[in-house]
Amino acid sequence: MTSDLTRVYLPATLAQLAVLRESGELPPPPEAHAVTPALREWYAEGDEEELEYVAFTRAAQSALRLLRHDPKAPRRRVVLCVDLPERSLKMAGLDLGSSQVEVAGKVPLRAVAAIHVDGHDAELAVSAAADVVEEAAAGDPDAQFTVDGAEDHELEWYDPSELDQLIP
């Protein structure tokens, strides 16, 4: 691994994992998260691991939005941890604390360092959260409570070599 690689967290669905397995790549994601200068400045006291957790958690929330817009997808959040060249990334969120980045180009399977997926036990909570994630983002406290319920479930870690086992 070279030093010009940046860890990026991509929200996804199990259906997108099937695309990744079949084609060996994903199209540029509509949203991605990383430890950005804006995130570092906002969370100055955080160490690298804490900052990565914030970016990871935001990608998991973005996965809820993907599920909301794809009612046929199994109700399990997916976050891909990928290592991409710095030159393929552009800051997307300009607000202090933003972790959002744009990824230029397709994401190859070889860039995937880890795959995180909800266990089956999280499906009910994730389904409920996907239904109200936009309302939570708009400030609805009841919806936020529901989203928090999904976040109580830790995503399980898988090696990229286990991709076949994850596809329904």
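Modeller: Arg77 is buried, at a relative accessible area of 2%; buried means under 20% relative accessible area, exposed over 50% and partly exposed in between, with a 1.4 Å probe and protein chains only. This is a predicted model, in which local features need pLDDT of at least 70 and side-chain atom pairs count only at pLDDT 80 or more, while totals for chains, interfaces and linings use all residues. Residues are numbered from 1 along each chain as its sequence is written, and side-chain values use heavy atoms, with hydrogens and water left out.

The partner of Arg77 is Asp118: the two form a salt bridge whose closest N and O atoms are 2.7 Å apart. A salt bridge here is a side-chain nitrogen of Lys or Arg within 4 Å of a carboxyl oxygen of Asp or Glu. Arg77 sits in the loop between H3 and E4, and Asp118 in the loop between E8 and helix H4 (123–137), so the pair links distant parts of the chain, 41 residues apart. Helices (H or I, at least four residues) and strands (E, at least two) are DSSP runs, numbered from the N terminus. Asp118 is also buried, at 0% relative accessibility.

Lys106 is exposed, at 53%, whereas Glu25 is partly exposed, at 29%. Another salt bridge joins Glu48 to Arg40, with 2.8 Å between the closest N and O atoms; Glu48 is partly exposed at 36%, and Arg40 is partly exposed at 39%.

E4 and E8 are part of an open sheet of seven strands, in the order E5-E6-E3-E1-E4-E8-E9, with antiparallel pairing. Two strands pair if DSSP finds at least two bridges between them. The edges are strand E5 (89–91) and strand E9 (156–158), each of which pairs on one side only. On average, neighbouring strands are turned by 35° against each other, direction ignored. Helix H3 (residues 48–68) packs on this sheet, touching E1, E3, E4 and E8, and its direction makes about 30° with that of E1. Contact means heavy atoms within 4.5 Å; axes are lines fitted to C-alpha atoms, for helices over the stretch in contact, and angles run from 0 to 180 degrees between N-to-C directions.

Strand E1 (residues 5–12) has six of its eight residues buried, so it is largely enclosed by the rest of the structure. Eight bridges join E1 to strand E4 (residues 78–85) in the antiparallel sense, with Thr6 partnered by Leu84. With strand E3 (residues 32–34), E1 pairs antiparallel over two bridges; there Val8 has Ala34 as its bridge partner.

The buried residues of H1 are Leu14, Leu17 and Leu20. Seen down the helix axis, they fall within an arc of 100°, so they line one face of H1; the arc is that of the directions from the helix axis to the C-beta atoms.
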